[in-house]
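Please look at how the parts of this chain pack against one another.

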Amino acid sequence: HLTGDIHAITAANNLLAAQIEARMFHEATQSDKALYSRLVPKDKGTRKFSAIQLRRLTKLGINKVDPDSLTEDEIRNFVRLDIDPSTITWQRVMDTNDRFLRKIRVGLSDTEKGHERDCQFDITVASEIMAVLALTTGYTDFRARLGQMVVASSKQGVPITADDLGASGALMVLLKDAIHPNLMQTLEGTPVFVHAGP
């Protein structure tokens with residue numbers, strides 16, 4: 001298990017994979033209004049956009065901060081990522097080279113309502129999150145880099161990021177300790193820092 005960094009990356013990577021599947025499922029089974037109510041729920045009768053949602057609105061060219069002021073078209077653009085399943089580049093990972101998971105089919109349960117697709121498992125150290133962890137300079141930079149990871153494209157060819165999915169905050173929670181270097185020792189007893197994917 002070494003430092004635990006690889007386990008944190010596995011959990012974060014697979015959380016993002018699950019988020020992609022869940023978003024496609026909900027977009028395929030719910031109306032724009034229902035999706036909007038889930039993404040921007042009323043709290044004591046009022047709605048409020050989170051910081052990550054405001055970034056998405058800016059990306060879409062919508063310069064509004066009041067959730068109740070969006071038009072039907074703006075709501076549709078906000079809630080629908082319209083992911084093209086054939087463009088998904090984000091795979092699940094595990095820290096074992098299990099050749100029988102190199103190609104799998106997900107969504108076979110009756111509760112997934114026919115939303116099946118082929119995907120695969122990669123080894124954890126191949127996750128883009130591993131590269132982001134190794135390159136980051138601090139928490140703010142880490143969160144920004146995680147949010148910019150492209151996971152797929154929309155059916156219109158627009159890149160979909162972890163921030164579009166609203167996932168970068170949850171990823172940071174799982175990775176908050178992995179950013180710290182780990183003091184270990186070699187077999188000879190020499191102190192050494194081990195970080196990211198050793």
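Contact here means that heavy atoms lie within 4.5 Å of each other. Leaving aside its neighbours within four places in sequence, Q30 is in contact with L35, R38 and R80. The model is a predicted one, in which local features need pLDDT of at least 70 and side-chain atom pairs count only at pLDDT 80 or more, while totals for chains, interfaces and linings use all residues. Residues are numbered from 1 along each chain as its sequence is written, and side-chain values use heavy atoms, with hydrogens and water left out.

**A buried loop residue**

Helices (H or I, at least four residues) and strands (E, at least two) are DSSP runs, numbered from the N terminus. Q30 is found in the loop between α1 and α2. A residue is called buried under 20% relative accessible area, exposed over 50%, and partly exposed in between, with a 1.4 Å probe and protein chains only. With a relative accessible area of 16%, Q30 is buried. The side chains of Q30 and R38 are joined by a polar contact of 3.1 Å, a term for a pair of N or O atoms within 3.5 Å where, within protein, one must be able to donate a hydrogen and the other to accept it, and where residues adjacent in sequence count only if both atoms are side-chain atoms.

| Residue | Loop | Relative accessible area |
|---|---|---|
| Q30 | between α1 and α2 | 16% |
| T136 | between α5 and α6 | 15% |
| I179 | between α7 and β7 (182-185) | 14% |

Not counting residues up to four places away in sequence, T136 touches D141, F142, R145 and I179. I179, with its neighbours within four places in sequence likewise left aside, is in contact with L133, T136, G138, Y139, F142 and H195. I179 and H195 are 16 residues apart along the chain, and their C-alpha atoms are separated by 8.0 Å.

Rings of Phe, Tyr and Trp (its six-membered ring) pair if their centres lie within 6.5 Å, and planes under 30 degrees apart count as stacked, over 60 as edge-to-face and the rest as tilted. By this rule the count comes to 2 aromatic pairs. The rings of Y36 and F78 form an edge-to-face pair, because their centres are 5.9 Å apart and their planes stand at 85 degrees. This pair links distant parts of the chain, with Y36 in helix α2 (residues 32-39) and F78 in helix α4 (residues 72-79), 42 residues apart. Y36 is buried at 4% relative accessible area, and F78 counts as buried at 3%. Ring pairs link Y36, F49 and F78 into a cluster.

In α4, the buried residues are E74, I75, F78 and V79. They lie on the same side of α4, because they cover an arc of only 120 degrees around the axis, the arc being that of the directions from the helix axis to the C-beta atoms. The buried residues of α4 pack against α1 (5-29), α2 and α3 (51-59).

**The cores and helix α7**

A nonpolar core is a set of buried Ala, Val, Leu, Ile, Met, Phe, Trp, Tyr and Cys residues joined through side-chain atoms within 4.5 Å. The largest one has 31 residues, of which L16, I83, W90, L146, M149 and L175 touch the most other members. The elements that give two or more residues to this core are α1, α5 (128-135), α6 (139-147), β5 and α7 (168-175), and α1 gives the most, with 8 residues. A second, separate core of 10 residues includes L35, V40, I62 and L70.

In α7, S168, G169, L171, M172 and L175 are buried. Seen down the axis, the buried residues of α7 fall within an arc of 160 degrees, so they line one face of the helix. What covers them includes α1, α3, α5 and α6.

**A hairpin**

Two strands pair if DSSP finds at least two bridges between them. Strand β5 (residues 150-153) and strand β6 (residues 159-161) run antiparallel and are joined by 3 bridges. The bridge partner of A152 in β6 is I160. The hairpin of β5 and β6 has 5 residues between the strands, and in this hairpin G157 takes a positive phi near 90 degrees.
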